[in-house]
Amino acid sequence: MIRLQNIEKVYRTDTIETLALNSISLDIAKGEFLSIMGPSGCGKSTLLNIMGLLDAPSKGMIKIADKSTENLNDKQLAQFRNKTLGFIFQSYHLINDLQVLDNVELPLLYRDTTAKERKRLATEALEKVGLANRVKHFPTQLSGGQRQRVAIARAIVGRPDIILADEPTGNLDSAMGNEIMEILINLNRNEGTTIVMVTHDENMAQKTHRLVRLFDGSQVQ
Amino acid sequence: MFKHLFKLIWNKKKQNFLLMTEMLVSFMVLFAVFTLMVYYYDNYKKPMGFKYQDVWVININNSYQTKNTDSLDLYYETLRKIIKSLPQVKDLSFVSGNVPFSNQINQGGLTFKGKHIDHLNNFTAEDSYKETMDLDVLEGRWYNKSDAVSKYKLVVIDADLKEATFGKEQAVGKLLGNDDDKKKMKVIGVIQTIKRNGDYVKAGPGLYFRADTGSFRWLSKILVKVSPGADAAFEGKLYKTMAGYMKNSNIEIEHLTNKLKDTNYFAVIPMIVLSIVSCFLIINVALGLFGVLWYNINKRKGEIGLRRAIGATGNSVSSQLVMESMILATLSLIIGSFFAIQFPLLNVFDLSAHIYIIGMLLSIIFVYLLVLVCSLYPGRQAAAIYPAVALHEE
């Protein structure tokens, strides 16, 4: 589903060159639930951003769903992200001025869908994460766990093949973290969604199919 | 997307309130400026109604004291002959004090067929007034000697009064006067409205009466049409000639060309003041808008990154910010237009509705252009934000 070949990422400033990722090669199968672990600053999020086409590698090749992404322009990349990828972030990235339902509908705004269809799909997605009764709430009226569930609903509303989760349980206590993890496991199991998750939590990582460890930008496991 | 943006703006109404108020105030000031400009232009493009070049105004005070009308007539007829005998004088006319471009007014009102006409200017002029002023007669004729004896009191009206009383119909031969007056006036001619208040300010309707033999007692001005080459030396000669005849009388000679300049100058001052105020406001709004949008980009980097991640292109992020500003402007303009439309509806300053409407449309276009220009650059900056960086900064 996702193939990374010799990915390198170098950050350059006027005086310093930092190698964030060093020759990473990874194959992630369709329906796989993969976790990425490593100490802070080892390049986990950078790798996830590159997989999510939010950042471009300095070297190497990425193929997602058998499609090479290196020659895609801004519009094609945006369309690809919209249809194929779903994102979950540690800090949720919900828009506080929009109600839960509107937040979940966001990815569908960049597709050719009617308002009625958007509402139906968003309600369905919220039902899947158990928040159907919170559609009119604003994010600030929800707990951390509920906010992350809204973020998951937003990630799955467009029915993407791949979900990229950057420390989805990082801001939550263990009980809420487990709830979120359950939702992700169910998504992977029931819907066959490929999930790549960056985490610091060994217990969470153990629940996934495969664990990749990074250290100083290199893959060590 | 429009509904989505509207929701976003509505939910942030408290944050947007100040900016919307600023836009609203700017619109109202621009509305005043543009309405004034349209009003001035509307008057400017109308014909002057007479040829003011080479027409001089001589102010005289009546030094010749007599109760005998014949003696008075003789005195002023002699003065007329003396002035006319000067080689560079083409024509002259004794007139009432409210000559063009002067501050003197003689106004009344008229209720004709149930319609009340306010600020009706009353003028008194002689038969030679037409030649002296080179009047543009639109219908009928100006006065002549045969009008001294008539069954009716004869009157010449201007085009504005004709429009207000008879509309598109012919006015000559019709009777005019207050509805309750038994003795009406008969219209013998319609002249082009004279822009007596200068190029920019509306003159108002005018009613011209014929000066009769007793009028010399109070006709305090003489309009003199001179040859194009008449200079200061001739002016001096004219003064001396008149002073020689009119002992102990104050004589002052003014040129209508200069008087027009002064009148126009005083008309333009309010517009200049308003324009300066609006310029400051526009700069203020432009900087405010620019600042708010710039601040928004920095404050909303996370949102921008998120939108990019879930499928927005750089251009759609940019156009979203521009559209948000335009929606804010639209809301302000709707409120502003509600207030602005009251002016023609309530006829606040007695201006034609079309002047207000054009002023309003110009203000709306200007505000939209201002908002567009101020939001384009911040919008482009937002589009250039790299999603990974934006999401990381949040």
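These are my notebook entries on two chains and the contacts within and between them.

**Conventions.** I am working with a predicted model, in which local features need pLDDT of at least 70 and side-chain atom pairs count only at pLDDT 80 or more, while totals for chains, interfaces and linings use all residues. I number residues from 1 along each chain as its sequence is written, and chains are lettered from A and ligands numbered from 1 in the order in which they are written.

**Helix α3 of chain A.** I take a residue as buried if 20 or more other C-beta atoms lie within 10 Å of its own, exposed if 12 or fewer, and partly exposed in between, with C-beta atoms placed from the backbone. The buried residues include the charged Asp102(A) and Glu105(A), where Asp, Glu, Lys and Arg count as charged, Ala, Val, Leu, Ile, Met, Phe, Trp, Tyr, Cys and Pro as nonpolar, and the others, Gly among them, as polar. The cover on α3(A) includes α2 (74-84), α4 (115-128) and α5 (144-156) of chain A, together with α1 (2-11) of chain B.

**α3 against α5, chain A.** I then checked the packing of this pair, whose axes come within 7 Å and cross at roughly 35 degrees; the axes are lines fitted to C-alpha atoms, for helices over the stretch in contact, and angles run from 0 to 180 degrees between N-to-C directions. The crossing of α3(A) and α5(A) is right-handed, that is, the near helix is turned clockwise from the far one by less than a right angle. Val100(A), Asn103(A), Val104(A), Leu106(A) and Pro107(A) of α3(A) meet Val150(A), Ala153(A) and Arg154(A) of α5(A), where contact means C-beta atoms, placed from the backbone, within 7 Å. By class I read 6 nonpolar, 1 polar and 1 charged residues.

**Nonpolar cores.** A core here is a set of buried Ala, Val, Leu, Ile, Met, Phe, Trp, Tyr and Cys residues joined through C-beta atoms within 7 Å. The largest has 109 residues, and those with the most contacts inside it are Val104(A), Ala125(A), Ala153(A), Leu164(A), Val196(A) and Val367(B). Helix α2 (residues 13-44) of chain B gives the most to this core, with 12 residues. Apart from it I noted another core, of 45 residues, among them Trp142(B) and Val226(B).

**Chain A against chain B.** I found 23 residues of chain A in contact with 20 residues of chain B. On the chain A side, α2(A) gives the most, with 6 residues, and by class that side has 11 nonpolar, 6 polar and 6 charged residues.

**Domains of chain B.** The assignment, which is automatic or from a database, gives domain 1 (2-45 + 263-393) and domain 2 (62-249). Their C-alpha centres lie 51 Å apart, and the contact takes 7 residues from domain 1 and 8 residues from domain 2. The largest share of the domain 1 side, 4 residues, comes from α7(B).

**Ala175(A).** Lastly I placed Ala175(A) in helix α6 (residues 174-191) of chain A, and it is exposed because 8 other C-beta atoms lie within 10 Å.

Definitions and conventions:
Helices (H or I, at least four residues) and strands (E, at least two) are DSSP runs, numbered from the N terminus. Two residues are in contact if their C-beta atoms, placed from the backbone, lie within 7 Å.
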